[in-house]
Amino acid sequence: MVTLRMIVCVCNAISEQEIKDWVELGGSSMSELSDDLGLGTYCGSCRDCARQIVTDSVQARLPDAIHQLQDEAEPTPKLSGFVAVARAIGS
Ligand code: FES
């Protein structure tokens, strides 16, 4: 079976799934994405596409983060970035 990977950043060979996995680990900003994976650090033509993937992935995780805020539970490390986004949206 062949697994297809959509490459978002050709210069650094970073796939859409790698970006989604990075968000799953708590990443939530383009500057962090560049620092952590090196995305967009060469020609920069991937940044708009990557930004959309990050935005969609973060929004998909927000309900869990909001639920933790409502429960006033200490955010799990995996959701701490999303909780910060949820707090910023709520303020
Ligand atoms: S395609 Fe990402 S830096 Fe060039």
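**Exposure, core and confidence in a predicted chain**

Q59 counts as exposed because it has 11 C-beta neighbours inside 10 Å. The model is predicted: local features need pLDDT of at least 70, side-chain atom pairs count only at pLDDT 80 or more, and totals for chains, interfaces and linings use all residues. Numbering starts from 1 along each chain as its sequence is written.

Q59 sits in helix α3. The chain holds 4 helices and 2 strands, in the order β-β-α-α-α-α. Helices (H or I, at least four residues) and strands (E, at least two) are DSSP runs, numbered from the N terminus.

Of the 91 residues, 24% are buried. The largest nonpolar core comprises 12 residues, among them W22, L33 and I53. β1 (7-9), α1 (16-24) and α3 (47-70) each contribute at least two residues to this core. Such a core is a set of buried Ala, Val, Leu, Ile, Met, Phe, Trp, Tyr and Cys residues joined through C-beta atoms within 7 Å. C9, a core member, touches I14, L39, G40, C46 and A50, leaving aside residues up to four places away in sequence. Contact requires C-beta atoms, placed from the backbone, within 7 Å.

Mean pLDDT (the predictor's confidence in each residue, from 0 to 100) is 85 for the chain, and 79% of residues score at least 70. Confidence is highest in β1, at 97, and lowest in helix α4 (residues 80-90), at a mean of 68.

Note on methods: Buried ≥ 20, exposed ≤ 12 C-beta atoms within 10 Å, placed from the backbone. Contact = placed C-beta atoms within 7 Å.
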